[in-house]
Amino acid sequence: MAVTVILPQVLQSDAGGAKRVDLPGGPTLRAVLDSLADRHPRLDRRVRDEQGALRRYVNVFIGDDECRAASGLDTPVPDGTEVRILPSVAGG
C-alpha cells in the first residue's frame with residue numbers, strides 16, 4: 001500500500017506540478033516527509049526547516065487530524081492514508 005500526499009496549488013510547482021504524490025507507506029509522518037524530500041527536495045525546504053522540524057506556518061493533516069494535535073512528526077501514518085500539507089493563510 002501507499003500514502004498519498006495532497007498538495008495545495010501554492011506548493012505544486014515545488015513538486016513538479018503534482019497535486020498528489022503517492023509514496024510508500026511509512027510508520028510515521030517523519031518517514032513520509034523523508035520519502036517526499038527524496039523525490040522533491042525543494043518542496044521539503046518549504047515544509048520543514050533546517051533542523052527537520054515543520055515550519056510554523058505549515059499545517060499537516062493525517063486523515064482529518066492535524067499532526068501537532070497528535071504526536072507531531074512522530075504521528076503514525078497507516079497505509080492508505082491521505083496526508084494533506086496546507087500552508088497557513090494570514091492577512092487582514
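Author: T75 touches P27, T28, L29, I62, C67 and A70, not counting residues up to four places away in sequence; contact means heavy atoms within 4.5 Å. This is a predicted model, in which local features need pLDDT of at least 70, side-chain atom pairs count only at pLDDT 80 or more, and totals for chains, interfaces and linings use all residues. Residues are numbered from 1 along each chain as its sequence is written, and side-chain values use heavy atoms, with hydrogens and water left out.

Reader: Why is T75 called buried?

Author: Buried means under 20% relative accessible area, exposed over 50%, and partly exposed in between (1.4 Å probe, protein chains only). T75 has a relative accessible area of 7%, so the residue is buried.

Reader: Which residues of α2 are buried?

Author: In α2, these are L29, V32, L33, L36 and A37.

Reader: How do you know that they line one face of the helix?

Author: Viewed down the axis of α2, the buried residues fall within an arc of 140°, so they line one face. The arc is that of the directions from the helix axis to the C-beta atoms. Their cover includes β1, β2, α3, β3 and β5; helices (H or I, at least four residues) and strands (E, at least two) are DSSP runs, numbered from the N terminus.
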